[in-house]
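Biologist: I am new to this one. Please put it on the screen and take my questions one at a time.

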Amino acid sequence: MSGVWGTIVAYSGTGFLTVLYVIALVTLFLREDDRANRILFLYLPACFLVLFLLPPVRDLYAKIEGMETYYRFLWLIPMSVTTCYALIRQTSRRLPFGLAAMAVLALLCGQYTYSNANILPAQNRLHLPQVVIDVSDYIVNAAGGQRTMVAMPPELVQFVRQYDSRILMPYGREMLMPQYADYYQSVYDVMTADVIDGDALVAAIREYNCNYFVMRAEKMAGVDLSGTGILYLDTVDGYNIYQDPGEPQGLEE
């Protein structure tokens, strides 16, 4: 039960929005007369929360997905919609006041988005780093549009998988998560080393049958890949793109 409670606390963030949600629930419980709205905003969320707290449900989910994503169960609870509806319900006769109150509460209860180092201003309509698009397009074109295995630097991995499913990778965003800190992955280990060992890098990408690999240009300065059979293709947005012609070009669907 402590693990579930810890999940709720972590999901609540600063806790202010959770407090508003609880106030909204109490308000609707006392004053909402519409049966359909009571089911949507009160009874269904209560059922989801009970299921979330039940040990058998938790254990079943843990066997299928693992506890790392159990918090997603809470996405079924319409916290934002319920809070907004309750506030509008209470201020319907003075709607401008209600809207202003919601805006003020949102500012007080939230955090400035761009204070998070992982949130960046959009560079394009896809809301992905432009370097991901440029590097991925280059590789897909080089591979003739076929699915291909590519070793990407950690800072690009989670974006590449959102952009083009034809690019397969030997490791994913799990390598960036604290709970996998003790997990060893040879490609990741070599690519994130302070000093790149050329022979170890080639051995690692061939272990996972990578057709291509991408590295920051400055990290590859002075790294000798001569005699390994690896081909340097180009530098795109500060990243060197290499090809291993000894690996199969394209993977079967």
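Predicted model: local features only at pLDDT ≥ 70, side-chain atom pairs only at ≥ 80, totals over all residues.

Biologist: Which element gives the most residues to the largest nonpolar core?

Modeller: That core has 40 residues. Elements giving two or more residues include helix H8 (154–163), helix H10 (198–207) and strand E3 (212–216). The most, 5 residues, come from H7.

Biologist: Which residues touch the most other members of that core?

Modeller: In soluble globular proteins, nonpolar side chains tend to be buried together. Here the largest nonpolar core holds 40 residues. The members that touch the most others are Val135, Met152 and Phe213.

Biologist: How many residues are in the other core?

Modeller: Another core lies apart from the largest one. Among its residues are Tyr70, Phe73, Leu74 and Ile77. Its size is 9 residues.

Biologist: Is Ile167 buried or exposed?

Modeller: Ile167 is found in strand E2 (residues 167–168). Leaving aside neighbours within four places in sequence, Ile167 is in contact with Ser136, Val140, Thr148, Val150, Met152 and Val160. Buried means under 20% relative accessible area. Ile167 has 5%, so Ile167 is buried.

Biologist: How far apart in space are Ile167 and Phe97?

Modeller: In sequence, 70 residues separate Ile167 and Phe97. In space, C-alpha to C-alpha, the distance is 51 Å.

Biologist: How many charged residues are in the contact of H2 with H3?

Modeller: From H2 come Tyr21, Leu25, Leu28 and Phe29, which meet Arg38, Phe41, Leu42 and Pro45 in H3. By class, this contact of H2 with H3 has 7 nonpolar and no polar residues. The charged count is 1.

Biologist: What is the hand of the crossing of H2 and H5?

Modeller: The axes of H2 and helix H5 (residues 79–90) come within 9 Å and cross at roughly 55°. H2 and H5 are therefore oblique to each other. Their crossing is left-handed.

Biologist: How many polar residues are in the contact of H2 with H5?

Modeller: H2 brings residues including Leu17, Thr18 and Arg31, and H5 brings residues including Thr82, Tyr85 and Gln90. By class, there are 9 nonpolar and 2 charged residues in the contact of H2 with H5. The polar count is 5.

Biologist: Is His127 buried or exposed?

Modeller: Most residues other than glycine have a negative phi, and most peptide bonds are trans. Phi of His127 is positive, near 55°. His127 sits in the loop between helix H6 (95–109) and H7. Exposed means over 50%, and at 59% relative accessibility His127 is therefore exposed.

Biologist: What is the relative accessibility of Asn209?

Modeller: Asn209 lies in the loop between H10 and E3. Asn209 has a positive phi of about 55°, although not a glycine. Asn209 counts as partly exposed, with a relative accessibility of 44%.

Technical notes: Residues numbered from 1 in each chain as written. Heavy atoms only, no water. Core = buried A, V, L, I, M, F, W, Y, C linked by side-chain atoms within 4.5 Å. Buried < 20%, exposed > 50% of the residue type's maximum accessible area, 1.4 Å probe, protein only. Helix = DSSP H or I, 4+ residues; strand = E, 2+ residues; numbered from the N terminus. Contact = heavy atoms within 4.5 Å. Nonpolar A, V, L, I, M, F, W, Y, C, P; charged D, E, K, R; others polar. Axes fitted to C-alpha atoms, helices over the stretch in contact; angles between N-to-C directions. Parallel < 35°, antiparallel > 145°, perpendicular 65-115°, else oblique. Left-handed = near helix turned anticlockwise from the far one by under 90°.
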